[in-house]
Amino acid sequence: MSLPELGRLGFGAAGIGNLYRAMSDDVATATVAAGWDAGIRYFDTAPHYGIGLSERRLGAFLATKPREEFVISTKVGRILEPAANPSGARDTEGFDVPADVVRRWDPSESGIRRSIEDSLERTGLDRIDIAYLHDPDVYDLEAGIKQALPALEKLRSEGLIKAIGVGANSADALRDCVAAADLDVIMLAGRYTLLEQPAAADLLPLCLERNVAVANCGVYNSGLLARTVVPDDAHYNYAPAPAGILARAKALAACCDEFGVELPAAALQFALSHPAVATVVVGASTAGQIAQTAARMAAEIPAELWAALVSRGLLDERLVHA
C-alpha cells in the first residue's frame, strides 16, 4: 500500500468552499490554520466543493507549509467547465458561489488526467497525494469501475498520485469498488456512525482483508449527532429526520448524558474505533469548530457507556472495539 500517514483526525474542506453560506477568504484561512494548529495534517477537498473555491483556498494555505508535512486528497470524475451566467445565478448544489462553472461527469482516462491537472492548477501544489473517484454510484457505477478505477491505477503506477480510492455515501457501491480494483483507501460518508453501521456487514471486513484503509466522514449523520441535545427539527441525510431515526438519536444522547459524555464526542470516537478506519474526516467553517472537534476527540469516554449502549439495544456488541 502506498497510502501516506493520515493521522486520527482529518480536515474536510467543503465548508471553506462556501457550503450553504458564503465566508470570506480570511475566515476560510483562519479555519484551515486552526486545523493545522490543532495538529491536523490530512486535508480533503474536491472540485465539487464551491466549484473550485475549496481547492483554491486550501491550496493557498498549504502552499505556506512544508510539502512533506501534510497530505492532501481531492476527487476525480467530475470536470469543471466555464458556463455563461449573464443573470448572476448562484450554484444549485449547496454552495454559495456564482453558477459560472458547471460540473460534468467524466470517468474516462483523459477526464481523470484532466481533473488531476486542473486540481493541481487550482491548488498551486506540486502533487496530489490521494485521488478519490467521487460518488460514482450517483452517475454510473459500472463506468466508474470499468473506466475510472483502471485509469487511477495507471496514474498511480506512473507516480502522478501516491494513492487512489473512491468516495461515496453507499456502502454497497464502495464494496463493489474495493472488490474490483487495487485501492489504497476509501472515503466512507455516513455509513459507519454511532447511529447506523451498514458498512460493518460486508464493506469494512473486505477492507481489512484487502488492506484498504477507510477515511470515515459524515460521522454526525448530517448534524443529527453533532449536538449534545438532539433537537426535534434535526436533519438526517440532508432532510428532516424521520421519527424513528430521531427517537434513536435522542436515546443515544440520553445514554451519553447519563455518563457525562457529549453525544458528538461519543459519535466521533466511535467512528474511529473500527480497526479498518484510519482517520475520521470532519468539516469545519470556523476556527472554533476545529477547537471543539479536537476537544471531542480527546475527551475521556468510559467503557461503561459502550456497555450501556449495547445493553439498551443501541449498539451491536461486536462493534465495540477496545
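Predicted model: local features only at pLDDT ≥ 70, side-chain atom pairs only at ≥ 80, totals over all residues.
View 1. Strand β8 (residues 185–189) and strand β9 (residues 213–217) are parallel and joined by five bridges; strands are DSSP runs of E with at least two residues, helices runs of H or I with at least four, both numbered from the N terminus. V185 has A213 of β9 as its bridge partner. Helix α7 (residues 203–210) lies across β8 and β9, at about 165° to β8 (axes are lines fitted to C-alpha atoms, for helices over the stretch in contact, with angles from 0 to 180 degrees between N-to-C directions; contact means heavy atoms within 4.5 Å). Residues are numbered from 1 along each chain, and local features need pLDDT of at least 70.

**View 2. Eight strands close into a barrel.** The order is β1-β2-β3-β6-β7-β8-β9-β12, with parallel pairing (two strands pair if DSSP finds at least two bridges between them). From one strand to the next, the twist averages 30°.

**View 3. Here is the largest pocket, with a volume of about 1500 Å³.** A pocket is an open set of points on a 1 Å grid over the protein atoms alone, where a 1.4 Å probe fits, with protein on both sides within 12 Å along at least five of seven lines; lining residues have an atom within 4 Å of a point. Volume is the space filled by probe spheres set on the points, which are joined across faces, edges and corners. Of its 44 lining residues, A14, L19, Y20, G218 and Y238 are the closest to the centre. Helix α10 (287–298) gives the most to this lining, with four residues.

How values were computed:
Heavy atoms only, no water.
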